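Reader: I have a structure to go through before setting up any calculations. Please take me through its helices and its pocket.

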Amino acid sequence: MARNKYITLVSSIIRYNLKIIFAGKFFWFLLAAFAFFAFFMFQEAWNRNEINEGTIYSLLMFPCLLLIFYPVVFGIQNDDDNRILEIIFGIPNYRYKVWGVRMLMVYVSNYFIILLFAYIARLLLYPVNIFEMAAQLIFPMLFFGNLAFMFSTITRSGNGTAVIMILLGLVFFIFMNAADFLRTSLWNVFLNPFTLPTNVHPLIWQSTILESRIFLMTAAVIFLLVGLLNLQKREKFV
């Protein structure tokens, strides 16, 4: 009986947090992500470009980042708008559990959405391994998602965090294209692991991919810890 009550309680908490995370505008972000993805696929097919796994990864990158944009960037602001911050900060250490669970649900939900997008690309464009594709996209998703979460705890404003993340995204993208050596460097946050450069040995490329994923994961963990530590400053949120 106690086990059934526990399962019911956990299910209720998950449903409640999912409503908070994905309420309101998330549907429009999901619709926009699919619209951009469909447009990019149509453009590749219309132009009759060479399509391979690297192409599919590039097509999925923007929808992947767009999917985490709203729930992470506007999460704290939504709590404030719904008068939930007072409740969260009223229980010691409860805010860590709340946001830990929420971030986990965001990434798991978006992982399955990316799987669906990859499956559509597999049917319409190229036979990719959808699980490998989604697994590789998890790394930039964690990097940018936790970076956005950290800035949201600093600015405490969804709009302010959105501006910062858009500017940083543009800086990363411009800097990568301005410096050719960064395209095959582990510091490239947009590194495409499915596109082997012609001037790089396959063994060196595999090592670069591994180092890139370690870098993205390490940075993501640091961003998350900084964000959670910022939540200790109760007076700045309530």
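**Helices and pocket**

Author: This is a predicted model. In H7, a kink of about 25 degrees is found at Ile 138, shortly before the proline Pro 140.

Reader: How far apart are the end C-alpha atoms of H7?

Author: H7 has 26 residues, and at 1.5 Å a residue they should span 38 Å. The distance in the model agrees with that expectation. The end C-alpha atoms of H7 are separated by 36 Å.

Reader: How many residues of H7 are buried?

Author: Buried here means a relative accessible area under 20%. H7 is mostly covered by that cut-off. Of its 26 residues, the number buried is 21.

Reader: What does H2 reach from its first C-alpha to its last?

Author: H2 has 22 residues, for which 32 Å is expected at 1.5 Å a residue. The value in the model is close to that: 31 Å.

Reader: Within what arc do the buried residues of H2 fall?

Author: The buried residues of H2 are Phe 26, Phe 29, Ala 33, Phe 37, Met 41 and Glu 44. Seen down the helix axis, they line one face, because their arc is 105 degrees.

Reader: Which residues are exposed on the other side of H2?

Author: Exposed means over 50% relative accessible area. On the other side of H2, the exposed residues are Trp 28, Phe 42 and Trp 46.

Reader: Is Met 41 buried or exposed?

Author: Met 41 belongs to helix H2. Its relative accessible area is 7%, and the cut-off for burial is under 20%. Met 41 is therefore buried.

Reader: What distance separates the C-alpha atoms of Met 41 and Ala 121?

Author: Along the chain, Met 41 and Ala 121 are 80 residues apart.

Reader: Which residues are the closest to the centre of the largest pocket?

Author: The largest pocket holds about 1,100 Å³ of space. It is lined by 33 residues. The closest to its centre are Met 61, Phe 62, Leu 65, Phe 173 and Phe 190.

Reader: Which helix gives the most to the lining of the largest pocket?

Author: Helices H2, H3, H7 and H8 each supply at least two residues of that lining. With ten residues, the helix that gives the most is H3.

Reader: How many residues in the lining of the largest pocket are charged?

Author: By class, the lining has 22 nonpolar and nine polar residues. The number of charged residues in the lining is two.

Key. Residues are numbered from 1 along each chain as its sequence is written. This is a predicted model: local features need pLDDT of at least 70, side-chain atom pairs count only at pLDDT 80 or more; totals for chains, interfaces and linings use all residues. Side-chain values use heavy atoms; hydrogens and water are left out. On a 1 Å grid over the protein atoms alone, a cavity is a set of points where a 1.4 Å probe fits but cannot get out, and a pocket is an open set with protein on both sides within 12 Å along at least five of seven lines; lining residues have an atom within 4 Å of a point. Grid points are joined across faces, edges and corners, and a volume is the space filled by probe spheres set on the points. Helices (H or I, at least four residues) and strands (E, at least two) are DSSP runs, numbered from the N terminus. Ala, Val, Leu, Ile, Met, Phe, Trp, Tyr, Cys and Pro count as nonpolar, Asp, Glu, Lys and Arg as charged, and the others, Gly among them, as polar. The expected span of a helix is 1.5 Å times one less than its number of residues. Buried means under 20% relative accessible area, exposed over 50%, partly exposed in between (1.4 Å probe, protein chains only). The arc is that of the directions from the helix axis to the C-beta atoms. The bend at a residue is the angle between axes fitted to the seven residues ending there and the seven starting there.
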